[in-house]
Structure formats: structure tokens, C-alpha cells
Amino acid sequence: MAFRENFLWGGATAANQCEGAYLEGGRGLANVDVVPAGSDRFSVGSGMMKMFSCNEEHYYPSHEAIDMYHHYKEDIALLAGMGFKCYRLSIAWSRIFPKGDELEPNEEGLKFYDNVFDECLKYGIEPLVTICHFDVPMHLIETIGGWRSRQMIDHYVRYCETIFKRYRDKVKYWLTFNEINMILHFPFMGAGLYFEEGENKQQVKYTAAHHELVASALATKIAHEINPEFKIGCMLAAGNTYANTCHPEDVWRSIEKDRENYFFIDVQSRGEYPAYALKQLEREGVKIPFVKGDKELLQTYTVDFISFSYYSSRLVSANPDVNKMTEGNVFDTLKNPYLEASEWGWQIDPLGLRITLNSLYDRYQKPLFIVENGLGAVDIPDEHGYVEDDYRIDYLREHIRAMKEAVELDGVDLLGYTTWGCIDLVSAGTGEMKKRYGFIYVDKDNEGNGTLRRSKKKSYNWYKKVIHSNGEDL
Ligand code: BG6
């Protein structure tokens, strides 16, 4: 058998993309709540447009999302119906600390997640919790500028301590930051960053990154003090970068590109800033705001495991004339002529998952966890809400095969696999509902219309069979 007996099969979601109820239960406004769907999404998400409140002209998908806040029992029962061993979800920071700088948490928010975890545990589902998945309380952005401020570390640590203590006996697996490298691409969503005219963006991004890295190390420290059984992971938006040709300059470019992303995990897993990053940042005139004790913290409190999302590989060229670009999870990539692509232009590369698993395992030699993978596609339901999503089954089957090979043939130590958006939810990149990943269809459209009725797609029973056979019956 390729996969370990207790392999954590399941699915993943994020609070801001599914919960809705954005001002209920005492929840405070978060960055994601002011990021609209439509063409302004990227400008706000990338911190280029300052929009700290909502207006009539835009539609804000996080406000209701799929209303999991009120449907969580039904939704978790559906996940349990597939035999889920694990459910990755995130806690909305502003449900626990509505403004972010309070000294006491919001009991109603804490109670909500108690209920969610109890519901999971009732079915034997292990919760895997992302502490911060593209969400920062808006008040902290308005008052201190999000993660550019070192004060964020204290607020984050207080938040972590609160949830570690409260859920000490309910949650074992934690991720400190979702796709920490996304700070480079989606700084407002990733870290509550926006830029002032003429500001050195690299400096701001790496200052914020340093604060997050220190915060992550501190979280790891207190987590193990609160419960030595806790397993703390980092989380990378992964996918190896290929060179467009065997020209050494293309190969070098691909190494540089991968290092932009590895940088974060190098710090979180190996415990220090890698030499290549120190040199690069020095060349760019970026100063890392180290204070006394930071280096020791980073060195001592490294993560227990490496988690990552994988949707696609990437392709680069050193030649500026080669410019056939395609979409790819906000990462620029050339079009790879050997790969097909999703309706959103994300290239489909199952072998790329095996390559990525091997690269990460070779580099870090720590257990890995695939916490996101899947196909965003347009689903056409019949009148019962049933979708014949063979395309999704094909995508997942091929990726599971590749991960099986990585485990069985290459000896990669893999803890689990949670597919992205196991129930349809709002797309982070576009704000659409139309871009669906789920085994469960949710009746809602891009404009917010729909009954929110849940129904099983064809992939639901397929995945159930995969889990039941521990990945043997694909
Ligand atoms: C990852 C994020 O980048 O990709 C998720 O962690 C996101 O939040 C997922 O939803 C898929 O991206 P998209 O843009 O299709 O929603």
C-alpha cells in the first residue's frame, strides 16, 4: 500500500471564501471584506488601490460567500459522507479579535469554532487549521498598516495563544500562514499591505515578510509549550519552475524564480535567511528589520512539517522576446506547449506534482502535506443540482497517481492530501463563484443569486471510493 494507514484524506476551505456572516457573531471587518469581485479585485488585492470600506458600485463576495457560518453542520455532514479523515479550514482572525488589538477575545467567535471542531470530531475528522488565510482585521490595517508594522507580531501571537489554549484538545495540526509567499503577489490580501505613492514596494514586502516569519516562529514556540503534541506547519504556494530551453540562462532564471518562493520556507524550515536571499536583498537595497533575538528565534523554532498548494508548474525564459504568457495562480508563467490548461488558463501538470514533492522533500527532509490541489471549472448542474464532472475526476486522479508515485517510488514522507474547495466557494483570485472546485455543488452565481442549496456532484462518490480504498481505487 502506497499511503500510510492514517493518511489524512480530505478537503480544504478558507473562512473568507465560505463562511459569510461577515459582521455576525461580533466579527469585525477584515481586509478580504473590502476586496470586491470584478476588475478592481486585483488592484485592491495587490495593494495598489486604497479601498478601506465597501461601496455600492462593487459586489463583495466574502460578505455572504456560501454562508457556511449557518450551514456548517450540513456541510461537515456532507464531507463526512465522503469519509473525510481531515478537513482543512481557517479561523477568521476578526471573529476572535474583531479589531485585532483587543486584549480579550470575542467569546461568540471562539464558540463558533468550538462547534465546528466538535462537529468534525463527531465524525472522526481531524481539523487542520490555517491561522491566517488571507485575513487581517481591517482596524490593524487602518491604524498600523498591517504586517509592515512590527506590532502585528504581538497581536498575532495573542491571537495564536488564545486559539491554541482554547482548542488544545480539539486541533492538532496548524498552519501559521496560508501561502506565505503570496505576500509578493497579493500583498493586501496576504498581509494587509497597501502602498503609498513612490514607496519602495520591495522594502515594504520584505519588512512585512520578516514580521510574519518571526511571528510564525513565535507561534511555533508557544504552540509546543501549550501542547507538545501540536504539529505546526508552514504553507507554500508551490509548483516548480521549468526552464523554457536548456540554455543555461533559462535554467538559471528558473532557479532564481523558485528561490523567490523557497525563501520563505527556507527560513521557516531551516531556521535562517538563506545566503542567496541576503545577497539579493542587499543588492536591491532592502534592509531586513532584524531586532535582537530574531535570529535565535528563527533558528530555534522551525516548523514540524511543510504544507503546500499545488495547481501547476511554471515556465520561465531569460529571453525577453519570449513572452507567450498564460494565467497561473497569480504567478507569471509562459505557456508550456506540452500542457493543457483549465478554463482559467492554469496549466495542468500532474507529473509537476511529483517533481514538486521531490524537490521539497530533497530540500527540507521534513514530512510534507498537500493542502490544496484541484481544478477550477465551470459546472453545469441538472435540475437536481447534479454535475457530471468527469473533468474534475480526471484531474484529481492523475494528480493522486503522481503523488502516489512520489510516495511509493521516491519515498517522500507525505502526511495527507486535502483538495482545494471541497465544497464550491468563492474564488480568491477572481471573486467568482463560477470557478468551482468542489465535490459539492452550491447553488449561487457570480452576482450573489441562488438558493445556496448543496448537492453532490459525480466526483463526490468517486472521491469517497478513493478515500475508502486509501488511494488504491482511482
Ligand atoms: C490558493 C489559495 O492560492 O489558491 C486559495 O490559498 C485559493 O485561497 C486557491 O482559492 C485557488 O485559487 P482561485 O483563485 O482559483 O480561488
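Residues are numbered from 1 along each chain as its sequence is written. Because the model is predicted, local features need pLDDT of at least 70 and side-chain atom pairs count only at pLDDT 80 or more, while totals for chains, interfaces and linings use all residues.

Eight strands form a closed barrel in the order S1-S2-S3-S4-S5-S7-S13-S14, with parallel pairing. On average, neighbouring strands of this sheet are turned by 30° against each other, direction ignored. Strands (E, at least two residues) and helices (H or I, at least four) are DSSP runs, numbered from the N terminus, and two strands pair if DSSP finds at least two bridges between them. One of the pairings joins S3 (residues 126–130) to S4 (residues 173–175) in the parallel sense over three bridges; here Leu 128 has Tyr 173 in S4 as its bridge partner.

Six bridges pair S7 with S5 (residues 231–238) in the parallel sense, and Leu 236 is bridged to Phe 308 in S7. S7 also runs parallel to S13 (residues 368–372), with four bridges between them; Leu 368 in S13 is the bridge partner of Ile 306. Six of the six residues of S7 (residues 305–310) are buried, so the strand is largely enclosed by the rest of the structure. A residue is buried if 20 or more other C-beta atoms, placed from the backbone, lie within 10 Å of its own, exposed if 12 or fewer, and partly exposed in between. Phe 305, Ser 307 and Ser 309 point one way from S7, and Ile 306, Phe 308 and Tyr 310 point the other way.

Next come two helices. The axes of H14 (residues 390–408) and H15 (residues 458–468) come within 9 Å and cross at roughly 25°. Axes are lines fitted to C-alpha atoms, for helices over the stretch in contact, and angles run from 0 to 180 degrees between N-to-C directions. H14 and H15 are therefore roughly parallel to each other, a term for angles under 35 degrees.

Around the ligand there are 15 residues, of which Ala 14, Gly 376, Ser 427, Ala 428 and Gly 429 come nearest; a residue counts as near if its C-beta atom, placed from the backbone, lies within 6 Å.

Finally, Ala 275 is found in helix H11 (residues 275–283). Ala 275 is exposed, with 9 other C-beta atoms within 10 Å.

Conventions
Angles under 35 degrees count as roughly parallel, over 145 as roughly antiparallel, 65 to 115 as roughly perpendicular and the rest as oblique.
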